[in-house]
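Please keep the sequence and the model in view while reading.

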Amino acid sequence: MSTTVSVTQAEPITAQSILGLFPDIDTSSVELDGHDAEQIRLMDEVCIVLDENDRPIGNFSKKICHLMTNIDKGLLHRAFSVFLFNDRNELLLQQRATEKITFPDMWTNTCCSHPLGIPGETGAELEESVAGVKRAARRKLEHELGIDPSQVPFEAFKFLTRIHYKAPSDGKWGEHEIDYILFIKANVTLEPNLNEVSDACYVNADGLKSMFEDPALKFTPWFKLICNSLLFEWWEHLDEGLDKYLNEQEIRRM
């Protein structure tokens with residue numbers, strides 16, 4: 001299976017230009033008609049809107065940030081992707097629930113979500129921003145997979161890099177994110193929230209490559225993007241040599 005991920009060039013967004021760039025932002029709710037009630041509620045969560053250098057310039061709802069009509073105007077937000085490995089260096093995958101509004105039923109990395117525009121999860125400088133996404137990651141691992149935060153302590157997360165990418169979902173919805181990549185090695189107890197996750201499994205690197213060859217399986221575009229460019233090299237160095245990949249300062253533009 002192949003997934004095309006594209007990034008469009010748009011005028012750089014700054015705090016001074018955001019109002020001028022988005023005078024006709026789409027705030028309608030019609031696209032939510034017929035979706036799961038809990039997932040509609042979660043679309044009201046407040047995402048952190050960014051300029052192209054990952055500086056926060058405001059907040060918009062998750063719904064507004066994920067409408068392609070707004071993404072095509074350049075709207076960009078902050079996200080994170082967690083890759084959780086057990087003590088056998090197997091990666092925990094999840095299959096997104098059918099109820100999900102964006103990218104339903106697709107397999108992806110352990111947890112993919114957004115820090116919110118709330119105290120403790122936002123930040124302007126990189127160190128503060130990394131701390132914010134780590135706190136958000138612990139919150140969402142519990143929400144989606146039932147992982148007790150005590151099993152994934154803040155200090156166990158390792159920040160690798162940031163990836164700026166754009167990907168459509170179904171024509172109505174999509175992603176345009178600066179995605180913080182977090183690794184953590186921990187043995188955890190799973191109690192998946194079936195409104196978020198329909199299945200979960202651990203795989204080694206060869207097992208994941210075999211899954212990619214199965215045409216019946218679908219994968220989120222950001223996961224395929226990271227796997228095709230970076231993941232397997234990082235994975236090889238999980239126990240030795242990972243330090244050289246940590247805390248990258250530059251944003252990778254995909």
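In this predicted model, a polar atom of the Arg162 side chain lies 2.5 Å from the backbone oxygen of Gln249. The side chain of Arg162 also makes a polar contact, at 2.9 Å, with the side chain of Asp54. Arg162 belongs to strand 7, which covers residues 158-168. Is this arginine buried or exposed? With a relative accessible area of 7%, Arg162 falls under the 20% limit and is therefore buried. Setting aside residues up to four places away in sequence, Arg162 touches Asn53 and Asp54, Leu126, the run Ile178, Asp179 and Tyr180, and the run Gln249, Glu250, Ile251 and Arg252.

Just after helix 5, Gly146 adopts a positive phi of about 70°.

At its start, a side-chain oxygen of Asn204 comes to within 3.3 Å of the backbone nitrogen of Asp206. Leu208, Met211 and Phe212 are buried in helix 6. Viewed down the axis of helix 6, these buried residues fall within an arc of 100°, so they line one face of the helix. They pack against strand 4 (91-96), strand 5 (107-108), strand 9 (197-203) and helix 7 (221-236).

In soluble globular proteins, nonpolar side chains tend to be buried together. Here the largest nonpolar core has 34 residues, and those with the most contacts inside it are Leu91, Phe183, Leu208, Phe223 and Leu231. Two or more residues each come from strand 3 (77-85), strand 4, strand 7, strand 8 (174-185), helix 6 and helix 7. Which element gives the most to this core? Helix 7 does, with ten residues.

Leaving out neighbours within four places in sequence, Phe183 is in contact with Phe83, Phe85, Ala156, Phe157, Lys158, Leu160, Leu231, Trp234, Leu238 and Leu242.

Definitions and conventions: Residues numbered from 1 in each chain as written. Predicted model: local features only at pLDDT ≥ 70, side-chain atom pairs only at ≥ 80, totals over all residues. Heavy atoms only, no water. Helix = DSSP H or I, 4+ residues; strand = E, 2+ residues; numbered from the N terminus. Buried < 20%, exposed > 50% of the residue type's maximum accessible area, 1.4 Å probe, protein only. Arc of directions from axis to C-beta. Contact = heavy atoms within 4.5 Å. Polar contact = N/O pair within 3.5 Å; in protein donor to acceptor, adjacent residues only side chain to side chain. Core = buried A, V, L, I, M, F, W, Y, C linked by side-chain atoms within 4.5 Å.
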